[in-house]
Amino acid sequence: ELGYKYKSDFVSINANLYHTIWDNRILSSATDVDGDSVSDEFTQSSGIKEVHQGVELEIFTRPVTGLRLDGFVSIGNWYYDGNVETRTYDINDNLLSSGDIAYVNDAKIGNAAQITAGASAFWTITNGVSVDATFNYYDELYANIDLTSSVFETDNNRGSLLLPSYTNVDVGATYKMFVGRDKDKSIALRL
């Protein structure tokens, strides 16, 4: 990982480049084969190699007193490097299959968006009254893969399932009333 940080009275910037390899990982999964809500088969996958690489940028600003504007962007490329061998056992620990190959080479790693971006604003109007807004964007989000799925039985498969990109927006207002003899405690109301 390589990073750079710049800081002044009005702006702070963090920039990072990363390249991480997680090698020889082992994953386990359980399957309900007969539909009785009890796991009947257990699969162990070994030799999993994941590559995570990307760039991240964060900016925090205070352009005027009481106003904070922040933003970030992260662009990643996370994928499996190589194929994976699996072994499957029954509930009594009897070996059902061994040496099965899940063809996951270059399949995207799921469960986290590989492209994210966001911006936020926080404005203190008066002592105790503030408003804020946050916008976040998520893209290149892939579903987790099932190494025992028939999708990965051949090397010319569709890869990881790409989910739709999405955004969310949060807007709020806060009133904070300072209480106590020294006014060092507070009660906050938030919309």
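I began with the second largest pocket, whose lining I sorted by class into four nonpolar, seven polar and three charged residues. I was working on a predicted model throughout. I then looked up the volume of this second largest pocket and found about 190 Å³ of space in it. Its lining is made up of 14 residues, and those nearest the centre are Thr86, Asp100, Leu147, Thr148 and Ser149. I asked which strands supply at least two residues each to this lining, and they are β3, β5 (84–90) and β6 (95–102). With four residues, β6 gives the most.

By class I recorded five nonpolar, seven polar and three charged residues for the largest pocket.

I then went through the salt bridges, of which the count is five. One of them joins Glu50 to Arg25, with 2.7 Å between the closest N and O atoms. Because Glu50 sits in strand β3 (residues 41–64) and Arg25 in strand β2 (residues 11–31), this pair ties together parts that are 25 residues apart in sequence. I checked the cover on both partners: Glu50 is buried, at a relative accessible area of 4%, whereas Arg25 is partly exposed, at 28%.

A further salt bridge that I looked up is formed by Arg190 and Asp132, whose closest N and O atoms are 2.8 Å apart. Here the link is between distant parts of the chain, since Arg190 belongs to strand β12 (residues 185–190) and Asp132 to strand β8 (residues 129–139), 58 residues apart. Asp132 counts as buried, because its relative accessible area is 14% and the limit for that class is under 20%.

I also noted the salt bridge in which the side chains of Lys185 and Asp184 meet, at 3.6 Å from N to O. Lys185 and Asp184 are both exposed.

Last, I looked at strand β1 (residues 2–7), which is hardly covered, as the count of buried residues among its six residues is zero. β1 pairs with β2 in the antiparallel sense over six bridges, and I found Gly3 standing opposite Asn16 of β2. The two strands, β1 and β2, are joined by a hairpin through three residues.

Key. Residues numbered from 1 in each chain as written. Predicted model: local features only at pLDDT ≥ 70, side-chain atom pairs only at ≥ 80, totals over all residues. Heavy atoms only, no water. Salt bridge = Lys/Arg side-chain N within 4 Å of Asp/Glu carboxyl O. Buried < 20%, exposed > 50% of the residue type's maximum accessible area, 1.4 Å probe, protein only. Pairing = 2+ DSSP bridges. Nonpolar A, V, L, I, M, F, W, Y, C, P; charged D, E, K, R; others polar. 1 Å grid on protein atoms, 1.4 Å probe; cavity = no way out; pocket = protein on both sides within 12 Å on 5 of 7 lines; lining within 4 Å. Points joined across faces, edges and corners; volume = space filled by probe spheres on them.
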